[in-house]
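Subject: The structure, and what turned up in it

Hello,

Here is the structure for you to open alongside this email. Have a look at it first, and then read on for what was found.

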Amino acid sequence: MKNFTSIHDIPNVEQLVQQAFDFKNNPLSQSEIGKGKTLGMVFFNPSLRTRMSTQKAAQNLGMNIISLNVNDGWQIEFEDEVIMNGNKAEHIKEAAAVISQFVNVLAVRSFPTLIDREKDYQDFILQKFIQYASVPILSLESAILHPLQSLADFLTIKENQKTKHPKVVLTWAPHPKVLPQVVANSFCEWMNFADVDLTITHPKGYELSPDFSKNATIEYNQNKAFKNADFVYAKNWSSFNYYGKILSQDESWKISSEKMALTNNGKFMHCLPVRRNVVVDDSVLDGPNSLVIEQANNRTFATQSVLFDLLKNKKNEL
Ligand code: CP
């Protein structure tokens, strides 16, 4: 694996997943492979889980970590042939090339603008890092995908599924802020690969890009969608078609115990952070079927498995 930006970069998903479970059983089994190597982490946006789980994964492999918060008074220019007489003091060409001299793998978190759909869906910032860095790039969430979150979600479903072909429901939930489609897109990609029956439920106008929803069942009636679900994955996203717009804040879409009672004793999932009693009721989040803490725990082993493959690839050596 040269870079990790989506499920499509993984040559053998089942092998990578088994490796993640092996790391969960024995996190320090490969603590020599990263000795003398450095993981660089560049954050354009804040993070709790991604930052800490990635750092933990790298430490488990023996790596050092250098972390940088961008936009704290230091801004990068990404456009080519621009006259840089504004507030951006450094171009991505130099920044990526210089950072590449200090690190062996470069992890990048960059959210979408939610204004310019074309640019966002080109994954502009991540692709510029891939273009100008000379080390492997690891996506810590980009403008369109959050692949490490989805890999952790995939592991969590595998650990908790009771049937061979579970029903998985991805449900939109209300939120006061404009949020990306990233987690939903990425979850769909992984569920398209998984042996599951995927239903997506949301109010009209919240359809995801068909590139990600693919053949999933779309159900506009949330109660109907929840029937017999084995897993309910809740997430808010803003509209893709009316790009970046909030079309509804309908509280009746909040996940409640009454709604979960329609499921097949279904497990509740969310990537976190989550707004209690806006997205989901306390009773669900604190209930016995909530997997949210386990999902966050699996972030470490998902990332460790991916980092291990990036380090193992001799072509990635400086
Ligand atoms: N789920 C997730 O990516 O959390 P953070 O934003 O805290 O990293």
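**Around the ligand**

R299 has a polar side-chain atom 3.4 Å from an oxygen atom of the ligand; a polar contact here is a pair of N or O atoms within 3.5 Å, and within protein one must be able to donate a hydrogen and the other to accept it, with residues adjacent in sequence counting only if both atoms are side-chain atoms. The protein covers 92% of the 250 Å² of accessible area that the ligand has on its own (areas by the Shrake-Rupley method with a 1.4 Å probe; for residues, only the protein chains shown count as cover).

A word on the source: this is a predicted model, in which local features need pLDDT of at least 70 and side-chain atom pairs count only at pLDDT 80 or more, while totals for chains, interfaces and linings use all residues. Residues are numbered from 1 along each chain as its sequence is written, and side-chain values use heavy atoms, with hydrogens and water left out.

Back to the ligand: a polar side-chain atom of R109 lies 3.0 Å from a ligand oxygen atom, and one of R49 lies 2.9 Å from a ligand oxygen atom. The residues around the ligand (a heavy atom within 4 Å of it) include S47, L48, T50, H146, Q149, C271 and L272.

**Salt bridges**

How many salt bridges does the structure hold? There are 10, counting a side-chain nitrogen of Lys or Arg within 4 Å of a carboxyl oxygen of Asp or Glu.

Helices (H or I, at least four residues) and strands (E, at least two) are DSSP runs, numbered from the N terminus. Both E141 and R109 are buried (buried is under 20% relative accessible area, exposed over 50%, partly exposed in between, with a 1.4 Å probe and protein chains only).

E14 and K158 form another salt bridge, with 3.9 Å between the closest N and O atoms. This one links distant parts of the chain, as E14 is in helix α1 (residues 13-25) and K158 in helix α6 (residues 147-160), 144 residues apart. E14 is partly exposed at 41% relative accessible area, and K158 is partly exposed at 34%.

In the salt bridge between E79 and K119, the closest N and O atoms are 2.4 Å apart. E79 lies in the loop between β3 and β4 and K119 in helix α4 (residues 117-120), so the pair joins parts 40 residues apart in sequence.

H91 is in strand β4 and counts as buried, at 10% relative accessibility.

Which residues of helix α3 (residues 92-102) are buried? They are I92, A95, A96, I99 and S100. Seen down the axis of α3, these fall within an arc of 130 degrees, so they line one face of the helix (the arc is that of the directions from the helix axis to the C-beta atoms). Among the elements they pack against are β1 (38-43), β2 (64-69) and α5 (124-132), contact meaning heavy atoms within 4.5 Å.

Best wishes
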